[in-house]
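I opened my notebook to look up a few things in this structure. Here is the model I worked from.

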Amino acid sequence: MYISSAEIEKIAQLAKLKLGQSEKQELLRQLGDIIAYVEKINQLDLSQVPAADSADIEPVNLRQDKIEAGLTPQQALMNAPAKNKGFFSVPKVIKK
Amino acid sequence: MNFEGLDYLAIRRLIFQRKASCRQLTNHYLSQIDAAKKFNAFISVLKKYALTSAELLDQRLQKSDAGPLAGLVIAVKDNINFRDSLSTCGSKILANYVSPYNATVIEKLLNADAIVIGKTNMDEFGMGSSGENSFFGPVKNPLDPNRAAGGSSAGSAVAVAASLSTAALGSDTGGSIRQPAAFCGVVGLKPTYGRVSRFGLVAFASSLEEIGPITKSVADAAAILEVIAGHDTKDATSARQPVKNYSDIIRARSRKIRIGLPREYFVAEVTPEIKTAILEVVKKLEQQGAEVEWISLPHTEFAIAAYYIIAAAEASSNLARYDGVRYGFRSDGSQDIEQMYLNSRSDGFGEEVKRRILLGTFVLSSGYYENYYRRAQKVRHLIHLDFKAAFQQCDCLIAPTVPTTAFFLGEKIRDPLQMYLSDVFTVPANLAGIPAMSVPCGTDSNGLPIGLQIMADHFNEETLLQTGNAVESIVKQCKLH
């Protein structure tokens, strides 16, 4: 087994996903297959190889840090599932 | 006026010679889209917007005041933001998301007078190789509706293949432009990493993906690329490399070209008919003066493993933003914020997206990071070096785009690993960041299109397009198409 039931529960919790029992069983099989396959890279001796952080083609070009026009508050809120007086609204965070 | 089967350059001539109007053209595509609903290529059709744009453009054409892409009616993958229209990414979690801004590629297309006709269906967030992983239902291949159109830019490839638009934009993270282009018999170009701004492209795996055109001809791909390419201050990864006039370059007579055939791409897993079709075209190129040699890309067999570790890791990070707070789907009735996150993400994401988020979280988690993610980055470096060495010997590489032609819908959907393996020849270009293009290369005995892939060194799109143009002429002459 490349991934255990306890491990899958732990990563699901980290990723903020909840899994049903049958979903979990299928994922154990599918992720197990995928992880077994990607372990193929262990056949290579990589001790002397540097890690590529990205495609390593060009340096990242940062623009000057200056204020420019962006979204208006209305635009920023237009897709909010719940809003209240110009703010995003969420279930109560602070317990009494 | 019959526009059926015409590429953009042919349509452009009709428009500029006033033999057809943009309104006629747009109406033609709108009725084609209506008649082709069974392929499920579009998530939204912008009928009113497209017709209004066409009328305004017709007035400007009368005054000879039209941009370089006038007469281009383009379909756009639904992960590219277009202001005031839906951008769903094929996901329930963004099913009602209306974009408040334009992606840079959209700004550039509109400035050049292209008309956006609609947003195309896709595998959710670009995760899939068959067009089946969409909340809005599977996309069907117009050449055989029982077969997959490829993925993830499935709707974009179908729009072009079935003449529902003049051309389309797709995005390619591991083959998502080239593989559906191959399955549907059209041209698909993934530019060099950084060549085209990704500002406004919804992120899946930021170190791998690129926006590019899907078209009926190589010349059309050149015409669109020269408009959408170039540095953009809104995308820190966009390159400052100069953009050439690709349309002129492909018309120029190409110098003697050196073509490499990577042995690892002509292995037993490739359908014999595909190998034969591609090698036949290469033989013709050789007769026309190209130098051809077999070369090796020795780490090819490790590309899929490295790709699925890196892409999943980046996806797990990029998709953390969907939390039901600022935009997107929120599950009703959660008692506290933790439950709201859990319920919104679990109900909003589809199976494949959850699978990749979990895989990505696993390979990045403490105790596994060094063994998986770090090692995958090292393999990525080796793949990059393979290509660098190859381009010392030759100007471009020719290989199959996919080992098979279009598979059946449902054939691989329960076996994600088998689905991933269909990307074996497309992911290396993303890992190395090099440009690559799929060009139609005839059909197999079932009448299904074969894709020939050309790969070139970083920022060498001109060699890609020149070679693609030569391949296209050979295929047409041989009536392989």
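I looked up Ser438(B) and found that its bridge partner in strand E13(B) is Gln453(B). Helices (H or I, at least four residues) and strands (E, at least two) are DSSP runs, numbered from the N terminus. Two strands pair if DSSP finds at least two bridges between them.

Before going on, I noted that this is a predicted model: local features need pLDDT of at least 70, side-chain atom pairs count only at pLDDT 80 or more, and totals for chains, interfaces and linings use all residues. Residues are numbered from 1 along each chain as its sequence is written, chains are lettered from A and ligands numbered from 1 in the order in which they are written, and side-chain values use heavy atoms, with hydrogens and water left out.

**Strand E13(B)**

Strand E12 (residues 436–443) of chain B runs antiparallel to E13(B), with six bridges between them. In the hairpin of these two strands, five residues lie between the strands, and Gly447(B) takes a positive phi near 80 degrees. Strand E11 (residues 396–400) of chain B is also antiparallel to E13(B), joined by five bridges. There, Pro400(B) has Leu452(B) as its bridge partner.

Is E13(B) enclosed or open? Eight of the eight residues of E13 (residues 449–456) are buried, so the strand is largely enclosed by the rest of the structure. Buried means under 20% relative accessible area, exposed over 50%, partly exposed in between (1.4 Å probe, protein chains only). I checked both faces. Pro449(B), Gly451(B), Gln453(B) and Met455(B) point one way. Ile450(B), Leu452(B), Ile454(B) and Ala456(B) point the other way, and all are buried.

**Cysteines**

I counted zero disulfides over all chains, taking a disulfide as a pair of cysteine sulfur atoms within 2.5 Å. Cys441(B) is in no disulfide, and the nearest cysteine sulfur, that of Cys478(B), is 9.2 Å away. That is too far for a bond. Cys441(B) counts as buried because its relative accessibility is 1%. Cys478(B), at 28%, counts as partly exposed.

**Helix H1(A)**

Next I turned to chain A. Which residues of helix H1 (residues 5–14) are buried? They are Ile8(A), Ile11(A) and Ala12(A). They cover an arc of only 105 degrees around the axis, so they sit on the same side of H1(A). The arc is that of the directions from the helix axis to the C-beta atoms. An α-helix has 3.6 residues a turn, so residues three or four places apart point the same way.

On the other side of H1(A), I found Ala6(A), Gln13(A) and Leu14(A) exposed. The cover over the buried residues includes helix H2 (21–38) of chain A and helix H12 (351–364) of chain B. Just after H1(A), Lys16(A) takes a positive phi of about 55 degrees.

**Tyr101(B)**

I found Tyr101(B) in the loop between strand E2 (73–77) and helix H4 (104–111) of chain B. Tyr101(B) is partly exposed, with a relative accessible area of 24%. Contact means heavy atoms within 4.5 Å. Leaving aside neighbours within four places in sequence, the contacts of Tyr101(B) include Leu71(A), Phe82(B) and Phe199(B). I also checked Ser316(B): Tyr101(B) and Ser316(B) are 215 residues apart in sequence and 25 Å apart in space, C-alpha to C-alpha.
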